[in-house]
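Please open the model in your viewer and keep the sequence panel beside it, ready to select residues by number. The tour goes from one selection to the next.

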Amino acid sequence: MPPPDIAPFTRYTSQTDYRTGDLNLGRTAVLADLGRYLQVPFDNLVNCVGAVPSHQVLEQIRDHLIESEILIDDKNGLRWTEFTPPAKSKVSEEKTFQPFGRIVSAILAQVQNHGISFSSNPNQTPLSQRNNTSRPDAYLVHLRDDKQTAPRVHWFDIAVPFEFKKEQNIETVRDDEQKIIWSLHNIMREDPCRRFAFGLTIEDTQLRLWLSNRAFVAATKPINFFENIDGVISLFYALGSASVSATMKGLGWDPTVRRIRDGKDFQYKFTIGDEVFTTTREIATYGADSMVGRGTRVYEATDAKGKKVAIKDSWRESNRLSEGEILEKILASCAEKLQSEELADAKKHFVGIQLWEDVIIDDTRDETLNPMVAEEHDHTWEWVSIDLEPILSEKLHLPGTGDVPDSGRLSAFLPTQLGIVRRRETDIPCRVHVRTVFKDVGVVVKDVTSLADNLKCLSDGLKALYYLHKAGWVHRDFSIGNVIWVGDVGKLGDFEYAKEMDSDTSHDVRAGTMHFMAVEVENQKYLFRSRTLRPLGRRKPHDSSLPRNPPFRMNFLHDIESVWWAFVWIFFYHTDTITATAPADHSFDVHAQWTQFQLAFPGAIGQISRRDFFTDSETLQSICDTVISETCRDFCDCIPHFAAALQDAYRKAEAAYPVLVLDHSLLEDMHRDAAVYLDGAQQQANGIELRALPNLLKQKRSRPESESSPLENRGKKPRHG
């Protein structure tokens with residue numbers, strides 16, 4: 001029997017809490033997403049950093065530190081000259097740790113041509129493209145030959161952030177953990193040139209080294225800074241050794257990406273195989289906001305000849321195929337199972353991939369570090385849960401580009417939702433760095449402001465799903481961010497989660513974007529099966545040929561339901577510009593529609609309001625009749641009928657449960673019905689432009705009649721944003 005699909009989980013960095021820009025809420029979202037970190041032995045992670053000193057070199061460094069009066073070696077043993085246990089210090093934290101900086105600088109000086117230096121400036125905020133206002137207590141900064149002296153350090157140049165505390169207790173350890181994780185998060189989300197990053201925390205005498213990559217966050221078991229002097233020397237010698245290369249690849253920089261100035265902005269040159277592509281704008285970078293995961297960034301770019309393409313930079317699980325390989329297999333299935341005309345149409349409605357390659361650094365595939373690679377599995381590493389106690393709030397940061405807007409409700413789900421999915425690996429996770437070049441560059445459907453074009457794009461996405469399903473695959477992540485308007489054709493993209501319907505593999509990844517996830521997928525069970533109880537007192541033996549509880553798996557109906565949710569999102573997240581610019585006493589109630597949007601898209605897994613929104617078709621029809629604007633009401637009237645048709649299809653498929661009947665006729669019937677609903681709405685939508693409700697809610701004054709809507713103007717050429 002095929003294994004079950006893995007249960008979905010909430011990504012808090014895609015929710016309003018994170019996107020408000022409030023540093024307190026942002027940190028909490030990052031910690032909730034992460035949930036845990038890997039604890040490993042100190043020496044194991046240090047060995048991953050760079051070349052550690054040999055025994056002979058270690059002795060030489062100790063001698064030099066004694067000569068330079070950084071160390072003292074007398075009858076009381078070897079100890080630091082000026083640096084004493086911080087908890088005993090009577091001065092400020094900043095002054096207490098000043099000798100620490102001299103120790104670090106003295107050790108780094110023993111590494112020829114090192115490319116980093118120590119800087120302690122806890123009262124100055126580093127420059128940030130994301131408006132991040134956090135301040136590490138200190139950091140190792142990249143010494144760039146081509147950089148003019150700047151008054152402030154940029155986060156782009158921070159190699160290793162530090163956090164210090166004079167005392168060691170539960171509160172100080174937790175505070176340092178939260179702050180160092182945020183610093184590592186900011187490095188990884190802000191800089192496309194970083195593959196991983198190290199950090200360091202000290203509470204009194206206890207030092208820990210941290211690592212953040214796209215597979216996990218790790219921290220070492222603490223060492224005593226005052227007792228394990230050789231360990232301290234080895235750590236900073238290794239960091240210095242890792243910085244010797246001009247590319248700084250040992251400290252996480254990517255030698256296959258180069259940042260260039262474009263006026264006040266930055267662009268990037270990505271090397272993919274033998275070709276170099278130069279970005280021209282961000283399309284979507286919100287995938288990098290989550291510390292662990294694919295870290296996807298998408299850019300519009302040009303090749304060496306000036307041809308426009310789209311570049312996707314991401315990290316796939318090491319046991320999964322790349323998106324290019326998956327699409328190649330999908331097309332092979334289409335060629336086998338579709339007619340020639342259907343195959344040509346399928347290719348027209350799938351996003352075209354030009355090339356894909358794993359990133360190669362020093363002739364080796366770029367993978368996330370494994371600090372235990374040389375060790376047997378002897379329980380020397382373990383997962384540690386993160387404490388989500390409140391953190392001090394600071395100023396606003398900026399969220400990533402291109403994310404799907406949610407309900408706008410600040411999350412109240414952290415205590416109950418954290419832990420929905422907690423993995424039980426026996427191996428340390430590993431991800432592979434991959435880049436994909438797409439031939440098609442367009443506008444995602446969520447940014448198309450012409451309603452007719454929007455619905456045509458969605459309809460074309462449904463057509464692509466039809467060919468995908470007919471070829472024996474499910475997409476598993478249909479959303480308004482995965483259908484692209486190219487010219488006058490909608491194209492389906494993001495095949496990273498696509499899977500053959502009879503596949504015998506299961507992966508520990510989410511299946512579907514939360515807002516557009518089918519309710520059965522969200523609940524991980526079949527909700528529309530018939531429930532017939534046996535007569536009281538009559539127990540009959542179970543038919544051993546049938547499973548008692550067959551594992552839940554996504555099917556083509558779930559993909560089509562995701563289309564329905566996208567259809568709903570279009571009408572409930574927007575209104576038409578005519579209504580948006582109407583006088584304040586107009587009958588349209590923007591707050592009533594926004595309330596219903598929040599119920600349909602609550603921003604967290606397992607909310608009953610979302611399930612009811614889909615299953616209670618009569619109430620849904622009443623909602624459409626009362627909250628949608630008069631301009632849009634007639635052609636969104638099919639929303640409850642579309643939902644009812646899906647529910648009927650589910651009941652038919654699950655009527656013989658535990659056997660599921662997902663045959664060709666059901667596929668054809670449901671796709672036909674869905675196409676009729678979308679096409680019917682599209683045919684009535686000509687000339688209507690959309691305006692997002694959040695923009696309308698923020699409006700502080702009534703617009704004069706002579707002032708046109710920005711979206712009206714933008715909708716004239718071209719009709720998308």
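In which sense do S14 and S15 pair, and over how many bridges? They pair in the antiparallel sense, over six bridges, where two strands count as paired if DSSP finds at least two bridges between them. Before you select them, note that this is a predicted model, in which local features need pLDDT of at least 70 and side-chain atom pairs count only at pLDDT 80 or more, while totals for chains, interfaces and linings use all residues. Residues are numbered from 1 along each chain as its sequence is written, and side-chain values use heavy atoms, with hydrogens and water left out. Helices (H or I, at least four residues) and strands (E, at least two) are DSSP runs, numbered from the N terminus.

Select residues 308-317, which make up strand S15. Nine of these 10 residues are buried, so the strand is largely enclosed by the rest of the structure; buried means under 20% relative accessible area, exposed over 50% and partly exposed in between, with a 1.4 Å probe and protein chains only.

Select residues 229-242, the 14 residues of helix H8. At 1.5 Å a residue this helix should span 20 Å, and its end C-alpha atoms are 20 Å apart, which agrees; the expected span is 1.5 Å times one less than the number of residues. Of the 14 residues in H8, 13 are buried.

A search of the whole structure finds 44 aromatic pairs, meaning rings of Phe, Tyr and Trp (its six-membered ring) with centres within 6.5 Å, whose planes count as stacked under 30 degrees apart, edge-to-face over 60 and tilted for the rest. One of them is formed by Phe162 and Phe236, edge-to-face at 6.4 Å centre to centre with 75° between the planes. This pair links distant parts of the chain, with Phe162 in strand S6 (residues 158-165) and Phe236 in helix H8, 74 residues apart. Phe162 is buried, with a relative accessible area of 0%, and Phe236 also counts as buried at 0%.

Now show Tyr268 and Tyr299, whose ring centres are 6.3 Å apart with planes at 50°, so the pair is tilted. Tyr268 lies in strand S12 (residues 265-272) and Tyr299 in strand S14 (residues 297-302), so the pair ties together parts that are 31 residues apart in sequence. Both Tyr268 and Tyr299 are buried.

The next stop is an open sheet of three strands, in the order S21-S23-S24, with antiparallel pairing. Strand S21 (443-444) and strand S24 (489-492) stand at the edges, each with a single partner strand, so one side of each is left without a neighbour in the sheet. Look for Val444, which stands opposite Ile484 in S23.

**Last selection: Ser479**

Finally, select Ser479, in the loop between strand S22 (473-474) and S23. Ser479 counts as buried, at 2% relative accessibility.
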